[in-house]
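Take a look at the structure below.

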Amino acid sequence: MRTPVVLGCIDAPFPRSNTLPMRQDQAQTGRADKHVPAIGPGPLNNKLLGSLPHEDFQLLIPHLSSVQLAQGAVLAEPGVTVDHAYFPSSGAVSLLVVMRDGKAIETGTVGREGIVGAMSGIGPCKWQVRAIAQLPMFAGKIASTEFRKAISSSKAIADLCLRSNEGLLTQARIVAACNAVHRLEARFCRWLLQTRDAAESDTIMLTHDFLAQILGVRRTSVTEVANTIEAMGAIICSRGVIEIIDLEMVKALSCECYETMREQMSVS
Ligand SMILES: [Zn+2]
């Protein structure tokens, strides 16, 4: 059986407390650095974990470790048994459907509002998608066996899994319609806005190759669209970086799907 390779991944245990090992400057600004900091945000930065009652959270924390993921790190491949679940505490994970010819397209993302591999907490299952780190990020990681034990004694944690899965279904419905109906320029801007929210920054480290993979189009198509939007004055593209300089223009160029997702997936 293949085992997913997690590239650029560093594991470390979380402290056994509810405190956030977040740097003071980040705690004050609530914004992430352009590069992943040496000390990442704690597990409670994940909104689902943060919503748990203290006693339920204590069932998980002994089994959570902190992983630092490089952009593009592969967490899962389709057909492989899900043996861990991840709670993003910064950044986001892209979930891609992989076709038999190797082409892939993003059908959803999981940020601080969700869980990657949530259904492995309900019962043994296999990955249906490829999961890759969309941005440099941190996540809490738990073995699915420990996750199931915690869920067996906590309805609140079981509810987290169901909420996370509902969020993915909502996204899948919207993205399916978006991919079929909306132009690449609008989809590009929708994705940029989603990623800006996950990165908590107007500066996003992102190559056109990576974006082409996410959007399921050729690299040249991404470059053409990026050049058009840059010429309008909404973004600046430099090597491996896209900077949003006119947020309102990017929103105006995006399709309705960005706002629809925000409305339907709000967990706070
Ligand atoms: Zn759309």
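How many residues does helix H5 have, and how far does it reach from its first C-alpha to its last? Helix H5 (residues 155-181) has 27 residues and reaches 39 Å. That is close to the 39 Å expected at 1.5 Å a residue, where the expected span is 1.5 Å times one less than the number of residues. Helices (H or I, at least four residues) and strands (E, at least two) are DSSP runs, numbered from the N terminus.

Two notes on reading the model. Residues are numbered from 1 along each chain as its sequence is written. The model is predicted: local features need pLDDT of at least 70, side-chain atom pairs count only at pLDDT 80 or more, and totals for chains, interfaces and linings use all residues.

Now look at what H5 buries. A residue is buried if 20 or more other C-beta atoms lie within 10 Å of its own, exposed if 12 or fewer, and partly exposed in between, with C-beta atoms placed from the backbone. The buried residues of H5 include Ile157, Leu160, Gly167 and Val175. Their cover includes helix H4 (144-152), helix H6 (184-199) and strand S6 (104-110).

Next comes the core. A nonpolar core is a set of buried Ala, Val, Leu, Ile, Met, Phe, Trp, Tyr and Cys residues joined through C-beta atoms within 7 Å. The largest one has 66 residues, and Val93 and Ile115 touch the most other members. H6 gives the largest share, seven residues. The core draws at least three residues from each of domain 1 (10-178) and domain 2 (183-264), with bounds from an automatic or database domain assignment.

Follow the chain past H6. Glu200 lies in the loop between H6 and S9. Its phi is near 55°, a positive value in a residue other than glycine. Glu200 counts as partly exposed because it has 17 C-beta neighbours inside 10 Å.

Three bridges join S9 to strand S11 (residues 241-244), and Met205 stands opposite Val241. Four bridges join S10 to S11, and here Ile236 stands opposite Glu243. S10 and S11 form a hairpin with two residues between them. Gly240, in the turn, has a positive phi of about 75°.

How values were computed: Pairing = 2+ DSSP bridges. Contact = placed C-beta atoms within 7 Å.
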